[in-house]
Amino acid sequence: MGEVALQKESARASFFMQRENLSALRTRIVSQVAQAYYNLITLDEQLKVASRNIALSDTTLHIIKLQFESAQTNSLAVDQAEAQKKTAELLVPLAKQNIALQENVLSILCGSFPDSISRANTMDTTPFVKSFPIGVPADMLSRRPDVRAAEYAVVVANAGTGLAKAQMYPSLRLTPSIGTNSFQFENWFDLPGSLVKNIAGNITQPIFQNKKLKTAYEIAKIEQEKSAEQFRLAVMTAVSEVSDALAKREYASQRITLIEQKKTALQKAVSDAMLLYRSGMATYLEVITAQNNSLQNDLEAISIQKEQFDASTDLYRALGGGTE
């Protein structure tokens, strides 16, 4: 391949490499916006859980206070019930604080000043792809902008190596200084701009710059090897990130199924504990313990759901912006 062709190939690959780098940046921003929105939905759900538990704890506290006033229980029961209510109440200002901070982050990511964000979804109604085919084809990784950019970098380095090698050999260049008379045989050795003198200059130039040209060629070969290694690492990173995201989605889904079953059991335990307490067959500590266990389980369920959302966002980015 000639020098001009190599230069064109290098320039073309450089252009596409920069374009892919821009696409990679856009994909990263989109995934960060999605993750920030999922975080906001998660915090909304935490606030709802806290509010529900405050109402439940308030009911329990009211019942225990009535029993205390009728001398059916002691002040310790009241204190414990009030403490349980405060545990739920403490979640409210923390959730509101985190919501405000997350709204600021999302606003800035969307290119606006910090402001409140309207939400059209809840955690249960947020669009979410529940299933994904296991076994991602390897050619899908070529959709990733960073992988494509690394591939174009190899092309640029290959062209650079070819150009450096071409410089080591003499080349003939016809310049405007060579007139039509230069091609007359009797003038070849006489005219200042004769073809023979131009040929001689082009042949001797690589000889005098031999060491410099060889060094440039060796550097170009090193750059070529480096770009090839960076491309290999980019592909391996892509494979690892897709595999990680798929694993997180799969096992988070299994954990959600289990924690929903646990949630059903704990909600029944809270209801049963309250009924038994009213009939004198359970202590106030059993009621408070049941409520606290239910609260912690609800918060854990939200955390696992967030992990699944995050894994989907990671998968989106790992596949270069989606599968469609």
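So, Ala71: exposed, with a relative accessible area of 67%, where exposed means over 50%, buried under 20%, and partly exposed in between, with a 1.4 Å probe and protein chains only. Ala71 sits in the loop between helix H1 (3-69) and helix H2 (75-109). For the record, helices are DSSP runs of H or I of at least four residues, strands are E runs of at least two, and both are numbered from the N terminus. Most residues other than glycine have a negative phi.

Quick housekeeping. This is a predicted model, where local features need pLDDT of at least 70 and side-chain atom pairs count only at pLDDT 80 or more, while totals for chains, interfaces and linings use all residues. Numbering starts from 1 along each chain as its sequence is written, and side-chain values use heavy atoms, with hydrogens and water left out.

Okay, the overall picture. The chain has six helices and zero strands. Of its 324 residues, 35% are buried. For contacts, meaning heavy atoms within 4.5 Å, take those with a separation of 6 or more: 79% of them join residues 24 or more positions apart.

Now H2 against H6. Their axes are 10 Å apart and the packing angle is about 10°; axes here are lines fitted to C-alpha atoms, for helices over the stretch in contact, and angles run from 0 to 180 degrees between N-to-C directions. H2 and H6 are therefore roughly parallel to each other, since that label covers angles under 35 degrees, with over 145 roughly antiparallel, 65 to 115 roughly perpendicular and the rest oblique. On the H2 side, the residues include Leu76, Gln84 and Leu91, and they meet an H6 set that includes Tyr284, Ile288 and Leu299. The residues of this contact split into nine nonpolar, five polar and no charged. In that count Ala, Val, Leu, Ile, Met, Phe, Trp, Tyr, Cys and Pro are nonpolar, Asp, Glu, Lys and Arg are charged, and the others, Gly among them, are polar.

Is it buried or exposed? Gln84 counts as buried, at 6% relative accessibility. Leaving aside neighbours within four places in sequence, Gln84 touches Ser57, Ile288, Gln291 and Asn292.

And H6 itself? Its 35 residues, 284-318, should span 51 Å at 1.5 Å a residue, and the end C-alpha atoms are 51 Å apart, which agrees. That expected span is 1.5 Å times one less than the number of residues. Just after H6, Gly320 takes a positive phi of about 80°.

On to the nonpolar cores, each a set of buried Ala, Val, Leu, Ile, Met, Phe, Trp, Tyr and Cys residues joined through side-chain atoms within 4.5 Å. The largest has 19 residues, and Leu47, Val92, Ile99, Leu106 and Met123 touch the most other members. H1, H2 and H6 each supply at least two residues of this core, with H1 giving the most, ten. Apart from it lies another core, of 14 residues, including Leu61 and Tyr277. Back to Leu106: not counting residues up to four places away in sequence, Leu106 touches Val33, Ala36, Tyr37, Leu40 and Ile117.

Last stop, Ser116, in the loop between H2 and helix H3 (145-166). Ser116 counts as exposed, at 53% relative accessibility. From Ser116 to Leu101 is 15 residues in sequence and 9.8 Å in space, C-alpha to C-alpha.
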